[in-house]
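Thanks for coming, everyone. Let me put the model on the screen, and then I'll walk you through it.

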Amino acid sequence: MSAVDIEVAGLAKRFGQVEAVHDVTFTAKAGQVTGFIGANGAGKSTTLRMLVGLTAPDRGSAEFGGTPYRDLVDPSGTVGAVLDIAGAHPSMTAVGHLRTYAALGGHAPARVDEVITLTGLEPYAHRRIRGFSTGMRQRLALATALLGDPDVLVLDEPSNGLDPAGIMWLRLFIRRFADAGGTVLISSHVLAELEQVVDGVVLIERGRVLWSGSRAQLAEQGGLEAMYFQLATIGELA
Amino acid sequence: MSRLIRGELTRLASTRLPLWTVLLAVASGGTMTALLGFIDPDQSNPPMPGLDTAEGVGVVLGINAMLLFVPALIGTIAVTSEYRHRTIGTTFLAAPHRGAVLSAKLLVYGLLGVVYGVLTSGAAGLAVSGAAAARGILLGTGPAELAMLLAGLAVAAAVYMVIGVAIGALAGNQLIAVGIVLGYFYFLEPLLMIVPGVNAVHPFLPGGATSALMGSTFLADALASELSGLAAPTISAGLGAGLLLAYAVVAAVAAVAVPLRRDLR
């Protein structure tokens, strides 16, 4: 796995009257899990979509090892992204879905079976997606993101719909991925869920970065929850 | 580009759309043509020319021009299902150059349109020959002339599928796109065909161009003279074919250019 940092500088996006993201700047380092934490509607999903070029920013830049997503030689082989808008055609089987995206991304067909094993989708591989639970869809989205054996994972609330065993598995998975040298940027509105797994934290509120730093610095401030509420209160007063 | 085409072909093969395409092509081309082929022309109102005349064959095969909303809808539904089922984001992640993605889709569905066209005109050809044989009538067109009419139908079907894909790509929303396709076929174009004065443009619209290509302007003429007392203007089959292809090109260019900057939310 090659070391690919995520560098976000001055990203901004406005939807009509709503300033969804305002001057968001942070770095997610290779070999680390970076938590991107904020309440619903704080601007997490919009930022992540701008990162991978699905939404065009009004200002600012987002780069993977110095290259914007669109200009990467092998985009889905460099970055695997699971966004909140990841869907699947209900009449396709999991295998059909994965084959389609392996072909589109230019990845070896053999990767389909590998990611199915990796994400524990074997029992559902040949079933139509119509009958999938939210958790199974989430696993399928992760399997799709892993098709290109990427160096970077961008995950938007990936534990939504996962059962406790699934959440445990996901934590272990991203920890191993980062320990192997990969870059993980993972968003969540559930603070406790990420505290045990992240190396760094970026707190976002109303489209602005409130605080960012390492897990050690966070511990000095009394942990994620204390920090979050402290900052959120300051935000309310400001 | 070849990887995107392979991807779209894989997607197509992973759904039931190819099966539906074959079934609909054969059913729409065969049944309506056969039905009309068996009607005794003297019993119809307005009276139709019989199958023993070239005009009569044109009218019977011309019913297929009214069924071209089927390939258009197949194209529209195929491309908008990416928005409806929220897979378009994943597609653009695998291939961030959106213009290339849309081009690959247009190419693949153009190809599916040709398959649809060949099947539907094959079924229509069999149906009209079968109806004539069953009624003991000699078809009013020779084999070469009949083949030309059927080739026109096949081209029109492929063009309509491409236009359908383009409308789907432009609208994004599946319901709106289907509404546009059906609204155009069942409301706007028939309306433009009968309004005096305005019907001068009808031959240059996709439906009118299709009629010209298939030599089935009889219905338009009959309707126009019945309602306005004026003969509807007509264009040559060659111009009709050229116009149809031009519509496909314009639709394809718009479909590739417009969604490029669209934010996915």
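Start with a definition: a nonpolar core is a set of buried Ala, Val, Leu, Ile, Met, Phe, Trp, Tyr and Cys residues joined through C-beta atoms within 7 Å. Buried means 20 or more other C-beta atoms within 10 Å of a residue's own; exposed means 12 or fewer; partly exposed is in between; and the C-beta atoms are placed from the backbone.

Two notes on the source. This is a predicted model, where local features need pLDDT of at least 70, side-chain atom pairs count only at pLDDT 80 or more, and totals for chains, interfaces and linings use all residues. Residues are numbered from 1 along each chain as its sequence is written, with chains lettered from A and ligands numbered from 1 in the order in which they are written.

Now the core. The largest nonpolar core has 143 residues. B:M161 and B:V162 have the most contacts inside it. Helix α7 of chain B, residues 143–171, gives the most to this core, with 19 residues. Helices here are DSSP runs of H or I, at least four residues; strands are runs of E, at least two; both are numbered from the N terminus.

What does B:V162 touch, leaving out residues up to four places away in sequence? The list is B:G75, B:L106, B:Y109, B:G110, B:G113, B:A248, B:A251 and B:A252. Contact means C-beta atoms, placed from the backbone, within 7 Å.

Chain B as a whole has 11 helices and zero strands. Of its 265 residues, 48% count as buried. Take its contacts with a separation of 6 or more: 82% come from residues 24 or more positions apart.

Next, a helix pair. Helix α4 of chain B, residues 69–84, packs against α7(B) at about 35 degrees, with the axes 7 Å apart. Axes are lines fitted to C-alpha atoms, for helices over the stretch in contact, and angles run from 0 to 180 degrees between N-to-C directions. On the α4(B) side, the contact residues include B:P71, B:G75 and B:V79. On the α7(B) side, they include B:M161, B:V162 and B:G168. By class, this contact has 15 nonpolar, five polar and no charged residues. Nonpolar covers Ala, Val, Leu, Ile, Met, Phe, Trp, Tyr, Cys and Pro; charged covers Asp, Glu, Lys and Arg; the others, Gly among them, are polar.

On to helix α6 of chain B, residues 98–134. Its 37 residues should span 54 Å at 1.5 Å a residue, and its end C-alpha atoms are 53 Å apart, which agrees. The expected span is 1.5 Å times one less than the number of residues. B:G117 is in this helix. Buried or exposed, B:G117? It counts as buried, because it has 27 C-beta neighbours inside 10 Å. Beyond four places in sequence, B:G117 contacts B:L153, B:A154, B:V155, B:A157 and B:A158. After α6(B) comes B:G136, with a positive phi near 70 degrees.

Now the interface. 25 residues of chain B are in contact with 29 residues of chain A. On the chain B side, α1 (2–13) and α5 (88–94) each supply at least two residues. That side divides into seven nonpolar, 10 polar and eight charged.

Last, chain A. Most residues other than glycine have a negative phi. A:D23 is not a glycine, yet its phi is positive, about 50 degrees. A:D23 lies in strand β2, residues 18–28. A:R206 also has a positive phi of about 50 degrees and is not a glycine. A:R206 sits in the loop between β8 (200–205) and β9 (208–214). With 16 C-beta neighbours inside 10 Å, A:R206 counts as partly exposed.

Definitions and conventions. Two residues are in contact if their C-beta atoms, placed from the backbone, lie within 7 Å.
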